[in-house]
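Please look through the structure below with its sequence beside it, and then read the short report that follows.

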Amino acid sequence: MPIQTPQWTEFLQCPICTNDFDDLSRQPISLGCGHTMCVSCLSKLPKTQCPFDQAIVETDISKLPYNYALLQLVGVQIPDDVLPDIGSIQHNASQYKAAKHSIEDLAMFLQPVAGSSNGIVNGTGNGNTCNGGLNGNGNSVLTRPMQRKLVTLVNCQLAEADGRTRAMRAARSLGERTVTELILLHQNQQQLSGNLWAAVRNRGCQFLGPAMQEEALKLILLALEGGEALSRKVLVLFVVQKLESQFPQASKTSIGHVVQLLYRASCFKVEKKNNESSLMQLKEQVTNS
């Protein structure tokens, strides 16, 4: 999926021809599987299935609606409601419209902003401060996990049953992540650090004994406390090598699990590298608390 690439605005491009979406000949159409491509490329496919995961497209492609949640991000005006000529949608018009409008509103938090320092624009895209998302450098008022989950939701096709199911899962995941980040935002640094260590201890004990777990956490801090940026592989190998004399049972799998828990708890700043392993640094609230 384009969202895995370092350039975050690539979700506004067709992944087949790499042209930006527009309202002329490159209108985006999302499929039930969650992949989106322009209508021009989609019409040239030899089979009615997704070229990325071979999922069958159940609905006639000519009847699938354009993804206006994406089109509005490139400056296209959303037209008045026109229901797709699909029986299930015609029978549930009000629910379809409500879900479509909600996703379009949420998509504005991904609005690219050129030359903005805080990544904030308003819902009309005219540059006035209101709500918004990405700036020209890929920075955002949203964290990367939130951006990924929101892009997943925006790429759902509500006109297909599989797409609606996918949208419900994506919306739930986005909501859960929002609650988690609100809790973390309103905790002071000492509480955040304490809760983080408790979460790692509670979940990590199935792989590590308490003593070895504490040593593993200390070594991770030791490796990163000076602001160093290391790849996950290097960090895990460092900890395993330091532990092996005292804890022969230490493995890359068990230590990798602890590192993953720290990552999920938003303990790291992650720098993406083209064709290279991502580099991780500890956030200041962990080293200073």
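## A buried glutamate

In this predicted model, Glu104 is buried, with a relative accessible area of 5%, where buried means under 20% relative accessible area, exposed means over 50% and partly exposed lies in between, for a 1.4 Å probe and protein chains only. Glu104 belongs to helix H4, residues 93–107, a helix being a DSSP run of H or I with at least four residues, a strand a run of E with at least two, both numbered from the N terminus. When neighbours within four places in sequence are left aside, Glu104 is in contact (heavy atoms within 4.5 Å) with Tyr68, Ala69, Gln72 and Ile78.

## Cysteines

The count of disulfides is 0, a disulfide being a pair of cysteine sulfur atoms within 2.5 Å. The closest cysteine sulfur to that of Cys33 is in Cys50, and at 3.7 Å it is too far for a bond. Cys33 is buried at 14% relative accessible area, and Cys156 also counts as buried, at 8%.

## An open sheet

An open sheet is formed by 3 strands in the order E3-E5-E4, with antiparallel pairing; two strands pair if DSSP finds at least two bridges between them. Strands E3 (230–231) and E4 (268–273) stand at the edges with a single partner strand each, so one side of each has no neighbour in the sheet. E3 is joined to strand E5 (residues 276–282) by 2 bridges, and Ser231 stands opposite Leu279 in E5.

## How to read the values

Residues are numbered from 1 along each chain as its sequence is written, and side-chain values use heavy atoms, leaving out hydrogens and water. Because the model is predicted, local features need pLDDT of at least 70 and side-chain atom pairs count only at pLDDT 80 or more, while totals for chains, interfaces and linings use all residues.
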